[in-house]
Amino acid sequence: LQGRLILAMSAWYQRDHDPAWKDRIGKMVDGLAKIAIYRDGYAFFPLGAIGEDFSYAKSGWKETNEPQREVVGQEGSALAVHTVTRALATWAGIGGDERALELAGKLVNWAIKPAFWADAEHARFASDHLHAILIAVRAILEYAIVTNDERLKEFARDGYEDVRSLGINRMGCFAYNTEACATADMVALAIRLSDAGVGDYWEDIDQYVRNQLVEQQWVNADQLREIAGQGPAHQVRPPRDTAERLIERNVGNFAATLSPTVLRPESGICCSANGAQSLYYAWESIVRYAEGVAQINLLMNRCSPWVDIDSYLPYEGKVVLRNHDARRIHLRVPRWVDKKTVHSAVDGQDRRTIWLGNYLLLDGLQGREQVTIEFPMVESKETHTLTIASRVERSIYDVPSAGEGEYLMAKDYTCHFKGNTLVDISPRDNVEGQSRTRDEDGVIVTIAVKGIPMYKRDHYKVGKAPMKKVRRFVSPLTLAW
C-alpha cells in the first residue's frame, strides 16, 4: 500500500542515507498529489478496490464521489485510508518535504470533517472499527507534531482517550472484538502523545505491551496447526495463495480475538504489520539518550549503546542497569510502586533517592557503573467490566445499535495483577464454540471450533526471576517512526 511503502522507504533512508530513497519517495508524493481530489481547503482519495487504501487505474478513477460518512468501503471505514496521510507527515518531518506536508495537511482537513465523527469537537468515534479510527488519529497527531498545531494535538489526545475509555484498558483490551491492530495503534499513539508532551501515558504503554499486545501474538507452531486443522479443506490456487511453510511463516504473526481470555479461530490471523511495528515502537521507547542523559521510560529488558537494562519484573521488584556512557539517568518508576520503598545503589553503595515526578534521578555518573533499583512487588485482584458502547449509526459488525450510554454487552472479569502484568483472569470464556466460514464452493458453513486459552501465566506467580545466559545484539541505530 502507498502509505506503508513510503514509511518503509523512509526507514531505509534513515538507515543508509541513500538519496535514491528520497527520489523514489518524492515521485510517490508527486503521484499521490496528482490523483488526489481537491475541494475547498481539503483533499481526499475516492474509495477504490479496498477500504484500507485506494486503487487508481491507469485510466483514472472509476468514480470520484466523496465519502459522506465514516462506515463505508470494504474495510468498513473511510478513515482507514489515512495510513498514507501519516506517511506523508512522517516523511515531511524526516526529509523536509514541503509537498508531502502540504498534501498531508489537506488530507487531515478531510479526516476531521464532522461527518466522520460522532463528536468532531472531541474526536469521539462513530463506528466500532477501532483500528480504522486510530489510523486517522495517528495521522492527525503526526501532522500536528510536524506543524506544532496545538488544536490538532488536542484532537488526537481526545481520540486516544475516547478509545481508552472502552474495555479493560488496564490490560490493553479495548472491546470484545479486539484486533491486535487496535492494541498496536494504541501503543504507538500513547508513545507519540507522551513524546509530544500532550500527555504522560507511559503507564498505559507498560500495561498494553505486557499484556494484550504480546498475548495476541502467535508464538506456538503446534497451536497454529491445531487452529488450522479445524477449518474446512482448502485448495491452494497459486499464485494467489500458497501453502509453503504456512505454519512456520505465521509464527510471530498476530491475532484478533473475540474474547479477552481466548484466542478464537474465527477471529483469524490479522495485523501482522501493525503488531510487529508496535513491538519496535515499544522497544525503541524503553530508553532514550541525549547529551549524556539516558531516560528510561519502561522497565523492560533492553541493551543499548548507553545503558543495558536487566528487568526482573514481574517476578521481582528489581532492575539492574549496566551503564556504558550516561552521566545522568532518569528512570521512571511504575505508578503502582510506593516511592517510600524504593532503594537504589550504585556499585553496591546506597544512593539517596531524588525524584522528579515518577522519575528517579541518578546523577554524577562516570560510565561503567552498575546501578541496582529495588522495591516490593505489589499484587492486586481487581474487577473490571468489559463493555461495547454503542455510538454507532450503523455497526460494521451487524449488531443492533443502542442509545447513548447503553451497552450491547457487559461482563465482569476478576484480574490478578503483579504490578502491571496480568497473571490470571476469571471467569474464562468457553474455548469451544462455532464459527461460520466458507467451503471450497463458497457456501457458508458452520463448524465446531476450539480456541487457545490466553493469560496462562502461572510461571509469573513465583517470586524469583529465572536466569539464563544469552548473546545480545546492540543496535547502533534507532529509526524515527
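Is D158 buried or exposed in this predicted model? D158 is buried, with a relative accessible area of 15%. The legends below begin with this residue.

**Figure 1**
D158 belongs to helix α6, which covers residues 150-164. With a relative accessible area of 15%, D158 counts as buried because the limit for that class is under 20%. Leaving aside neighbours within four places in sequence, the contacts of D158 are E121, H122 and A123. G3 and D158 are 155 residues apart along the chain, and their C-alpha atoms are separated by 24 Å.

A123, one of the residues in contact with D158, is found in the loop between β3 (117-119) and β4 (124-125). Its phi is near 55°, a positive value in a residue other than glycine. A123 counts as buried, at 1% relative accessibility. E291 lies in the loop between β8 (287-290) and β9. Phi of E291 is also positive, near 50°, and E291 is not a glycine. E291 is exposed, with a relative accessible area of 80%.

**Figure 1. The largest nonpolar core.**
The largest nonpolar core has 105 residues. Those with the most contacts inside this core are L88, W117, L130, I296, L321 and I329. Helix α7 (residues 180-195) provides the largest share of the core, 10 residues. In soluble globular proteins, nonpolar side chains tend to be buried together. Around I296, not counting residues up to four places away in sequence, the residues touched are I286, V287, V307, I309, L321, I329, H330, L331, R332 and Y359. Another core, of 18 residues, lies apart from the largest one and has M171, W218, Y413 and C415 among its members.

**Figure 2. Helix α7 and the residue G197.**
Of the 16 residues of α7, 15 are buried, so the helix is largely enclosed by the rest of the structure. At 1.5 Å a residue, α7 should span 22 Å, and its end C-alpha atoms are 23 Å apart, which agrees. Just after α7, G197 takes a positive phi of about 75°.

**Figure 3. The largest cavity and its lining.**
The structure holds 3 cavities of 30 Å³ or more. The volume of the largest cavity is about 50 Å³. Its lining is made of R4, H82, T83, R86, H131, I135, R138, D185 and N274. The most comes from α5, with 3 residues. By class, the lining of the largest cavity divides into 1 nonpolar, 4 polar and 4 charged residues.

**Figure 4. The second largest pocket.**
The volume of the second largest pocket is about 1100 Å³. This pocket is lined by 29 residues, of which M300, N301, R302, S311 and L313 are the closest to its centre. At least two lining residues are supplied by each of α8 (202-215), α11 (272-285) and β10 (307-311). The lining of the second largest pocket consists of 18 nonpolar, 3 polar and 8 charged residues.

P305 sits in the loop between β9 (293-296) and β10. This residue is partly exposed, with a relative accessible area of 34%. Apart from its neighbours within four places in sequence, P305 is in contact with H324, D325, V474 and S475. E316 is 11 residues from P305 along the chain, and the C-alpha atoms of the two are separated by 26 Å.

L313, one of the residues closest to the centre of the second largest pocket, is joined to P314 by a cis peptide bond with omega of about 0°. P314 lies in the loop between β10 and β11 (318-323). The peptide bond from S426 to P427 is also cis, with omega near -5°. P427 is placed in the loop between β20 (421-426) and β21 (432-438).

Note on methods
Residues are numbered from 1 along each chain as its sequence is written. This is a predicted model: local features need pLDDT of at least 70, side-chain atom pairs count only at pLDDT 80 or more; totals for chains, interfaces and linings use all residues. Side-chain values use heavy atoms; hydrogens and water are left out. A nonpolar core is a set of buried Ala, Val, Leu, Ile, Met, Phe, Trp, Tyr and Cys residues joined through side-chain atoms within 4.5 Å. Buried means under 20% relative accessible area, exposed over 50%, partly exposed in between (1.4 Å probe, protein chains only). Helices (H or I, at least four residues) and strands (E, at least two) are DSSP runs, numbered from the N terminus. Contact means heavy atoms within 4.5 Å. On a 1 Å grid over the protein atoms alone, a cavity is a set of points where a 1.4 Å probe fits but cannot get out, and a pocket is an open set with protein on both sides within 12 Å along at least five of seven lines; lining residues have an atom within 4 Å of a point. Grid points are joined across faces, edges and corners, and a volume is the space filled by probe spheres set on the points. Ala, Val, Leu, Ile, Met, Phe, Trp, Tyr, Cys and Pro count as nonpolar, Asp, Glu, Lys and Arg as charged, and the others, Gly among them, as polar. The expected span of a helix is 1.5 Å times one less than its number of residues.
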